[in-house]
Amino acid sequence: MKTTDTAPTGVESPGSPGGPGPVVTKTVTPPPRRTAKAEGAALNVFSHGVLIIWAIMVVTPLLWAVMTSFKTDRAIFTSPWALPDRLHFENWSRAWTEAHMSDYFLNTLLVVGGSLLGTLFLGSMAAYVLARFDFPGNRFIYFLFIGGMSFPIILALVPLFYVMQNMALLNTLHGLILVYIAYSLPFTVFFLTAFFRTLPSSVAEAAFVDGASHTRTFFQVMLPMAKPGLISVGIFNFLGQWNQYLLPTVLNTEPERKVLSQGLVQLAVSQGYKGDWSGLFAGLVMAMLPVLAAYIIFQRQVVAGLTAGAVK
């Protein structure tokens, strides 16, 4: 910002005696201002700092559990934060065989794999109909699924137990698969309904013009387009079903049919008598690895599915 002071005519100005005063210009330097770029840089530094702290808080326990799984029981208590003297793979083999983690792992794969396929198959068909077709009761059925998300599962355990018992599905893996599917359908339908609404309807109309039926249009046209959404909701269902403990504890009490979460609890309880803490940590890491691997492999698809409807 500049200001100009002009001396009047006939008035002496310093340095010019007896004559008209010259024009004297004074330059005022403006105070420094914080630009938007500087504020954005400060915000980026703060947000990155928070993310780094959060990452350390999440990753440190995982790394510590992996490191502890290769230690001896004595080293776990004497030097919990030190690196193992060597990799004790016998901890993993002992947990896999003697603690029956192999049986629990296989049961969990069967239950979660079957329920995940059933959930995505039924949920995608229901969501497609609710998103693409107008019929009487459409919104009512949709809100029924939404209401299922808010219903606490603990209130349904007692009647669910007797229903499963009367249908001869108690203590069976296929019965647990059906329960997992019913448990996961509300969220799946809610998520995929919103996703199918973002897909262009012109593609489906072009398929109908070419003579495709509703079934063929859904399986060959719309379902491949919904792949990011299917992967996203599949990951969420996989995490929830893999870590499910309440439902199998009530509905699956046979020792040979227990899933991984039940096996880990049983292994932890038995530590009071055996003291095999290294085997416990090895079993814990075994249970974590599939979840971490699934998220790392499908990380980009999960982000794409969550942000698919944000920008048109």
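**Exercises: a pocket and a helix pair**

In this predicted model, the largest pocket has a volume of about 490 Å³. Here a pocket is an open set of points on a 1 Å grid over the protein atoms alone, where a 1.4 Å probe fits, with protein on both sides within 12 Å along at least five of seven lines. Local features need pLDDT of at least 70 and side-chain atom pairs 80 or more, while totals for linings use all residues.

**Exercise 1.** Find which element gives the most to the lining of the largest pocket.

*Solution.* Start with the lining, meaning residues with an atom within 4 Å of a point. There are 22 such residues, and Ile153, Ala182, Tyr183, Ser184 and Pro186 lie nearest the centre. Next, list the elements that give two or more residues: α5 (138-150), α6 (157-166), α7 (173-198) and α10 (227-242). Of these, α7 gives the most, with seven residues. Finally, sort the lining by class: 17 nonpolar, five polar and no charged residues.

**Exercise 2.** Describe how helix α4 (residues 101-132) packs against helix α9 (residues 214-225).

*Solution.* Take the geometry to begin with: the angle is about 95° and the axes are 12 Å apart. That makes α4 roughly perpendicular to α9, a label covering 65 to 115 degrees. Then look at the contact (heavy atoms within 4.5 Å). From α4 come Phe121, Ser124, Met125, Tyr128 and Arg132, which meet Thr217, Phe218, Phe219, Met222 and Leu223 of α9. By class, this contact has seven nonpolar, two polar and one charged residues.

Technical notes. Residues numbered from 1 in each chain as written. Heavy atoms only, no water. Axes fitted to C-alpha atoms, helices over the stretch in contact; angles between N-to-C directions. Helix = DSSP H or I, 4+ residues; strand = E, 2+ residues; numbered from the N terminus. Parallel < 35°, antiparallel > 145°, perpendicular 65-115°, else oblique. Nonpolar A, V, L, I, M, F, W, Y, C, P; charged D, E, K, R; others polar. Points joined across faces, edges and corners; volume = space filled by probe spheres on them.
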